[in-house]
Amino acid sequence: MLRAPKQTGRFGTMQDYVIYRRVSTKEQGRSGLGLDAQDRDIALFLERFSEVPYRVLATFTDVLSGADGDRPELSAALDLCRKSGATLLVSKLDRLSRKVSAIATLMEDKRVSFRVAQMPYADNFQLHIYAALAEQEREFISARTKAALAEAKARGTRLGGLRDKTMQRNAAIQANATARAEKVAGIVLPLRDAGKPLREIADHLNRAGVQTARGGRWQASQVKRVLDRLKAR
């Protein structure tokens, strides 16, 4: 990860941060996506993972859709980072963008460095891979949901009512779980085939910086659910 130039003062070197948050109107009330949750992640990073001493120069917040490419507050935050040499700090990678191309462009900007609170040890290469996998996962979920709806329509299921909305939600949940299982299959299956216990597989995922669906650490029970889902494919 690129490091921002540090300021020197009477207390020694200083790590400067510019915080960026993004939320849509719909997301503000959702657990894990609201501003309060982002603030908690950032505070935890600063407390436990940041170099010290540090200071926060400013906080910028956009309230708009993740698909909206026009983010005036992000532009302002990046401008301040370029001028001050501060590091841009976000809670999750998708707060910057859900597009791999946008993340890659930001990484190529030599005047900007950034950190992701939920992935405190990730370098640029790991963040790029994570963004690519997340984009692939969203495309897969969308395709699978559309396929499930098409199959339901072919069976004569009436679409458009409450039942259809429930079916769409269930299909999306199942597709999401399957996509996440397939994303870690390349790590989990070879280890299991080699006879590694569930706990050791979970430890391997944690050491590799792979997060669970909720952004936490892996447990043996979660590895078992992934294996069960992969067997049911």
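Student: Before going on, what should I know about the model itself?
Tutor: The model is predicted, so local features need pLDDT of at least 70 and side-chain atom pairs count only at pLDDT 80 or more, while totals for chains, interfaces and linings use all residues. Residues are numbered from 1 along each chain as its sequence is written, and side-chain values use heavy atoms, with hydrogens and water left out.

Student: OK, which residues of helix 3 are buried?
Tutor: V100, I103, A104, L106 and M107. They sit on the same side of helix 3 because they cover an arc of only 160° around the axis, taking the directions from the helix axis to the C-beta atoms.

Student: And what covers them?
Tutor: The cover over the buried residues of helix 3 includes helix 2, strand 5 and helix 4. Contact here means heavy atoms within 4.5 Å.

Student: What about A77, buried or exposed?
Tutor: A77 counts as buried because its relative accessibility is 0%. A77 lies in helix 2 and, leaving aside neighbours within four places in sequence, touches V18, F60 and L88.

Student: How many residues does the largest nonpolar core have?
Tutor: That core has 24 residues, and L88, L93, L96, F114 and L127 have the most contacts inside it. By nonpolar core I mean a set of buried Ala, Val, Leu, Ile, Met, Phe, Trp, Tyr and Cys residues joined through side-chain atoms within 4.5 Å. A second, separate core has 14 residues, including A181, L198, W218 and L230.

Student: What does L96 touch?
Tutor: Apart from neighbours within four places in sequence, L96 contacts Y20, R71, L74, L88, V90, I103, L106 and F114.

Student: New topic: how do helix 6 and helix 7 pack?
Tutor: Helix 6 (residues 185-193) and helix 7 (residues 198-207) pack at an angle of about 145°, with axes 10 Å apart. Axes are lines fitted to C-alpha atoms, for helices over the stretch in contact, and angles run from 0 to 180 degrees between N-to-C directions.

Student: Which residues make that contact?
Tutor: Helix 6 gives I187, V188, L191 and R192, while helix 7 gives L198, I201, H204 and L205.

Key
Helices (H or I, at least four residues) and strands (E, at least two) are DSSP runs, numbered from the N terminus. Buried means under 20% relative accessible area, exposed over 50%, partly exposed in between (1.4 Å probe, protein chains only).
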